[in-house]
Amino acid sequence: MNQCNSQAHDSLYLVDGNIVLIAPLTTGQHQIFRVHQSVLSKNSPVFKSMFMIPGVQDREMEKYDGVPLVQLPDGAEEVESLLRVLYHESALPFRRLDPNTPSLVKKVLTLANKYGIDHLRDRIVEHVEADWPQSLRQWDLLEAEILAMEDTWYTYDEYNNGPIDNYLPEPASAIRLARECNIPSILPAAFYHLSRLSIKDNWRNPHTSNMEPEVPYRNSFCGNRTADWTILSTQDYICLLRGKTKLASIADRLFSASHVGNDQHSSNACSLSQGRTLLADMRETCRQSPDILDTLRRFLGRTALKNEVCPACRLYIQMELRRLRHAIWVGIPEYFGLA
């Protein structure tokens, strides 16, 4: 090793360490870490097996500062991120709903996968999954929380913090993290959220310059959610288009089952008994909606259902709306080609 082309890390070169790791920097130099074999072996079966290989402790093995030296192919920044977490687990950059979470945890997660540090991977995945719901109930709860945030965001001091999208999960980076680090569980929610957005609403636009008071409101200030469209792969765009096409046609399944007959209406004022087009209007609204789950949810809370239809028809409509919402959620992996 060319020691003139290497530099010891400021805080991760521990004088009582008994193993030296060296990793390349992007500058062409190398970063040197001096740490403890026991810490690495305790957390990683890969490192544990490496240190058990005959010759690692051999006197003829290359040494640095008197202790065995292991050259790693991983980038120095990635190794630094991993070591910081192994020595100080609080160093994990966790903030709930942070749009930057994928980029912040990717380095650590990549090496946790590579070196079999399952407890660290599990903790990171659990945090990421919390931002991308695994059930329809969790989805509804998160949507309600975000809606409440949006209602008050520009009323109080939060306005000074910039667009609300700075504080909400971003789908494209989550999809990329899921693909590269094997977290398929977050793909359905991330792709569905992405399908609701317009490609005109680019996450990078309002985030690349400071917001000045005289600058007109950007998309995120108008309540639009955004995505970093530039980082999606061709395959991901294919999945997205497939899902959007399927969601646009799924409204045809709404009210496909027969409902109560005319002699079963409990009120003569019932819209359905009078041949009105309430069901057809609801179906068409769902067909045109970019967010069918939200549209169906709003129909469930629609006051008009209490005023325009009889109890028997209202029960039928509510059952159909709930049935389709559940079917859509369960079907998202298939719709987007993720299954």
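Me: Why is strand β3 (residues 30–35) said to be largely enclosed by the rest of the structure?

Reply: Because five of its six residues are buried. Keep in mind that this is a predicted model.

Me: What makes β1 and β3 a pair of strands?

Reply: Two strands pair if there are at least two bridges between them. Strand β1 (residues 6–13) and β3 have four bridges, in the parallel sense, so they meet that rule. Along this pairing, A8 stands opposite I32 in β3.

Me: And what joins β2 to β3?

Reply: Six bridges join strand β2 (residues 19–24) to β3, and these two run antiparallel. Here I22 has I32 in β3 as its bridge partner. The hairpin of β2 and β3 has five residues between the strands, and G28 takes a positive phi near 100° there.

Me: How do you know that E77 and K107 form a salt bridge?

Reply: The closest N and O atoms of E77 and K107 are 2.8 Å apart. The cut-off is within 4 Å, so the pair counts as a salt bridge.

Me: What does the pair of E77 and K107 tie together?

Reply: It ties together parts that are 30 residues apart in sequence, because E77 lies in helix α3 (residues 76–87) and K107 in helix α4 (residues 101–114).

Me: Why is E77 called partly exposed?

Reply: Its relative accessibility is 43%. Buried means under 20% and exposed means over 50%, so a value in between is called partly exposed. K107, at 29%, also counts as partly exposed.

Me: What about R325 and D140, which meet in a salt bridge: which parts of the chain do they link?

Reply: Their side chains meet at 2.8 Å, N to O. R325 is in helix α13 and D140 is in helix α6 (residues 136–152), 185 residues apart.

Me: Is R325 buried or exposed?

Reply: Buried, because R325 has 6% relative accessibility and the limit for buried is under 20%.

Me: What makes D236 and R179 a salt bridge?

Reply: Their closest N and O atoms are 2.9 Å apart, and the rule asks for within 4 Å. D236 lies in helix α9 (residues 234–249) and R179 in helix α7 (residues 171–181), so the pair ties together parts 57 residues apart in sequence. D236 is buried, with a relative accessible area of 4%, while R179 is partly exposed at 39%. Salt bridges that share partners also join K106, R176 and E180 into one network.

Me: How many salt bridges does the structure hold?

Reply: The structure holds 18 salt bridges.

Me: Why does buried R121 have no salt bridge?

Reply: The nearest side chain of opposite charge, D122, is 4.8 Å away.

Me: What does the side chain of R121 have a polar contact with?

Reply: With the side chain of N113, at 3.0 Å. R121 lies in helix α5 (residues 118–131), and among the residues it touches are L109, C181 and I183.

Me: Which residues touch the most other members of the largest nonpolar core?

Reply: In this core of 81 residues, they are L21, L40, L120, I292, I317 and I328. Helix α13 (residues 311–335) gives the largest share, nine residues. Another core, of seven residues, lies apart from it, with Y13 and I32 among them.

Terms used. Residues are numbered from 1 along each chain as its sequence is written. This is a predicted model: local features need pLDDT of at least 70, side-chain atom pairs count only at pLDDT 80 or more; totals for chains, interfaces and linings use all residues. Side-chain values use heavy atoms; hydrogens and water are left out. Buried means under 20% relative accessible area, exposed over 50%, partly exposed in between (1.4 Å probe, protein chains only). Lys and Arg count as positive and Asp and Glu as negative; His and the chain ends are not counted. A polar contact is a pair of N or O atoms within 3.5 Å; within protein, one must be able to donate a hydrogen and the other to accept it, and residues adjacent in sequence count only if both atoms are side-chain atoms. Contact means heavy atoms within 4.5 Å. A nonpolar core is a set of buried Ala, Val, Leu, Ile, Met, Phe, Trp, Tyr and Cys residues joined through side-chain atoms within 4.5 Å. Lists of a residue's contacts leave out its neighbours within four places in sequence.
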